[in-house]
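Subject: A structure to look at, with notes

Dear colleague,

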Amino acid sequence: NGRLAAQRQQQARAWMWERIDAGLKQRFRAHPQVRGQLDGITQQVLAGRLPASTAARRLLDLFD
């Protein structure tokens, strides 16, 4: 039946998105402006001085 083929398609799609996610994260972390701010912003989040959502927005703005 087509169940195995459907599972393979789902698996292939999942692998594709995993690679995209990994590639985007790698490029994000390697971006010069993000790299320069990432540790400091992360420390602010860990210390409770900056909400995680605000930190993410700031870093994403640097990436753009």
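This is a predicted model: local features need pLDDT of at least 70, side-chain atom pairs count only at pLDDT 80 or more; totals for chains, interfaces and linings use all residues.

**Helices H2 and H3**

Two packed helices are described by the angle between their axes and the distance between the axes. For helix H2, which covers residues 32–46, and helix H3, which covers residues 52–63, the angle is about 175° and the axes are 10 Å apart. Since angles over 145 degrees count as roughly antiparallel, H2 and H3 are therefore roughly antiparallel to each other. On the H2 side the contact is made by Gln33, Val34, Gln37, Leu38, Ile41, Gln44 and Val45, while H3 contributes Ala52, Ala55, Arg58, Leu59, Leu62 and Phe63. Sorted by class, the residues in this contact of H2 with H3 are 9 nonpolar, 3 polar and 1 charged.

**A closer look at H3**

H3 is made of 12 residues and reaches 16 Å from its first C-alpha to its last, which is close to the 16 Å expected at 1.5 Å a residue. Which residues of H3 are buried? They are Thr54, Ala55 and Leu59, and because they cover an arc of only 130° around the axis, they lie on the same side of H3. What covers these buried residues includes helix H1, residues 3–30, and also H2.

**Helices H1 and H2**

H1 and H2 pack at an angle of about 80°, and their axes are 5 Å apart. That angle makes H1 roughly perpendicular to H2. In this contact Phe28, Arg29 and Ala30 of H1 meet Pro32, Val34, Arg35 and Leu38 of H2. By class, the contact of H1 with H2 has 5 nonpolar and 2 charged residues, with no polar ones.

Where is Arg49 placed? Arg49 sits in the loop between H2 and H3, and with a relative accessible area of 60% Arg49 is exposed. If residues up to four places away in sequence are not counted, Arg49 touches Gln43 and Gln44.

Thr42 belongs to helix H2 and is partly exposed, its relative accessible area being 33%. From C-alpha to C-alpha, Thr42 and Ala55 are 7.6 Å apart in space, although 13 residues separate them in sequence; Ala55 is one of the buried residues of H3.

Ala30, in helix H1, counts as partly exposed at 44% relative accessibility. Ala30 and Phe63 are 33 residues apart in sequence and 9.8 Å apart in space, again from C-alpha to C-alpha, and you will remember Phe63 among the H3 residues that make the contact with H2.

Glu18 also lies in helix H1, and Glu18 is partly exposed, with a relative accessible area of 49%. Here the pair to look at is Glu18 and Leu38, which are 20 residues apart in sequence and 22 Å apart in space, C-alpha to C-alpha. Leu38 is included in the H2 side of the contact with H3 and is also among the H2 residues that meet H1.

Key: Residues are numbered from 1 along each chain as its sequence is written. Side-chain values use heavy atoms; hydrogens and water are left out. Axes are lines fitted to C-alpha atoms, for helices over the stretch in contact, and angles run from 0 to 180 degrees between N-to-C directions. Helices (H or I, at least four residues) and strands (E, at least two) are DSSP runs, numbered from the N terminus. Angles under 35 degrees count as roughly parallel, over 145 as roughly antiparallel, 65 to 115 as roughly perpendicular and the rest as oblique. Contact means heavy atoms within 4.5 Å. Ala, Val, Leu, Ile, Met, Phe, Trp, Tyr, Cys and Pro count as nonpolar, Asp, Glu, Lys and Arg as charged, and the others, Gly among them, as polar. The expected span of a helix is 1.5 Å times one less than its number of residues. Buried means under 20% relative accessible area, exposed over 50%, partly exposed in between (1.4 Å probe, protein chains only). The arc is that of the directions from the helix axis to the C-beta atoms.
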